[in-house]
Amino acid sequence: ITATGDAQFSGEDSNGVHHYRICEGGTATFQCNRHYVYDPRLSLAGCWYGSPSDDGGFTQNLCPHPAKGHCPSTVGNCIGYIQSHCEGQSSCTITINNDNMGGDHCPGVYKYAAVAMRCYDRNPNAQPGYADVNVNPYLNLGIRVSPKVMFAGCVLVVLFVIVLVI
């Protein structure tokens with residue numbers, strides 16, 4: 001994911017989820033930039049709004065401001081707002097403010113949003129009732145497998161393990 005504007009990258013976890021902090025009043029644009037076989041799309045993995053004193057963004061002073069203070073994090077409208085702008089899009093732009101985040105739950109305290117985003121590969125050839133199997137998260141081979149075949153494969157693996165144990 002490429003993030004521009006006021007998004008501050010704070011890490012990537014083992015599932016490929018990118019974590020950002022965006023200060024109140026800031027605007028950020030997110031875009032999938034990995035090379036996918038089909039059509040990369042954004043997906044929100046989580047978010048909250050506030051300035052909790054136990055968060056790294058607070059302790060590292062990522063959003064310096066005279067009105068900095070402790071404000072417990074809340075989901076508020078964070079999920080609804082960001083999903084409505086970003087979910088399933090190849091890129092999106094969001095603005096972090098009290099109105100978009102569902103109100104000011106700590107009047108007079110400067111806040112920020114913690115946003116976790118990931119990209120996925122939307123397969124335009126996927127058929128209902130079939131799963132797109134990604135052997136490697138960075139390489140979508142576009143293998144379509146019916147639920148019956150997936151179940152049969154699982155049964156075979158279990159039987160193989162039982163035979164090895166016996």
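A disulfide here is a pair of cysteine sulfur atoms within 2.5 Å. By this rule the count comes to 5 disulfides, and one of them joins Cys 86 to Cys 92, S to S 2.0 Å.

Before I go on, some notes on the numbers. This is a predicted model, where local features need pLDDT of at least 70 and side-chain atom pairs count only at pLDDT 80 or more, while totals for chains, interfaces and linings use all residues. Residues are numbered from 1 along each chain as its sequence is written, and side-chain values use heavy atoms, with hydrogens and water left out.

Back to Cys 86 and Cys 92. Their link has 85 degrees about the S-S bond and is right-handed. Are these two cysteines buried or exposed? Both Cys 86 and Cys 92 are buried; buried means under 20% relative accessible area, exposed over 50%, and partly exposed in between, with a 1.4 Å probe and protein chains only.

Next, Cys 23 and Cys 63, whose sulfur atoms are 1.9 Å apart. The torsion about their S-S bond is about -95 degrees, so this disulfide is left-handed. Cys 23 sits in strand S3 (residues 18-23) and Cys 63 in the loop between helix H1 (56-59) and S6, 40 residues apart. Helices (H or I, at least four residues) and strands (E, at least two) are DSSP runs, numbered from the N terminus. Cys 23 counts as buried because its relative accessibility is 12%, and Cys 63 counts as buried at 7%.

The pair Cys 32 and Cys 119 has its sulfur atoms 2.1 Å apart. This link is left-handed too, with -110 degrees about the S-S bond. Cys 32 lies in the loop between strand S4 (27-31) and S5, and Cys 119 in strand S8, so the pair ties together parts that are 87 residues apart in sequence. Both Cys 32 and Cys 119 are buried.

Now the sheet. In what order do its strands come? The sheet is open, has 5 strands in the order S2-S3-S8-S5-S6, and its pairing is antiparallel. Two strands pair if DSSP finds at least two bridges between them. The edge strands, S2 (7-12) and S6 (71-74), each pair on one side only.

Strand S5 (residues 39-51) runs antiparallel to S6, joined by 2 bridges. In this pair of strands, Tyr 49 stands opposite Thr 74 in S6.

Last, helix H2 (residues 78-86) packs on the sheet, touching S5 and strand S8 (112-122). Contact means heavy atoms within 4.5 Å.

Key: Axes are lines fitted to C-alpha atoms, for helices over the stretch in contact, and angles run from 0 to 180 degrees between N-to-C directions.
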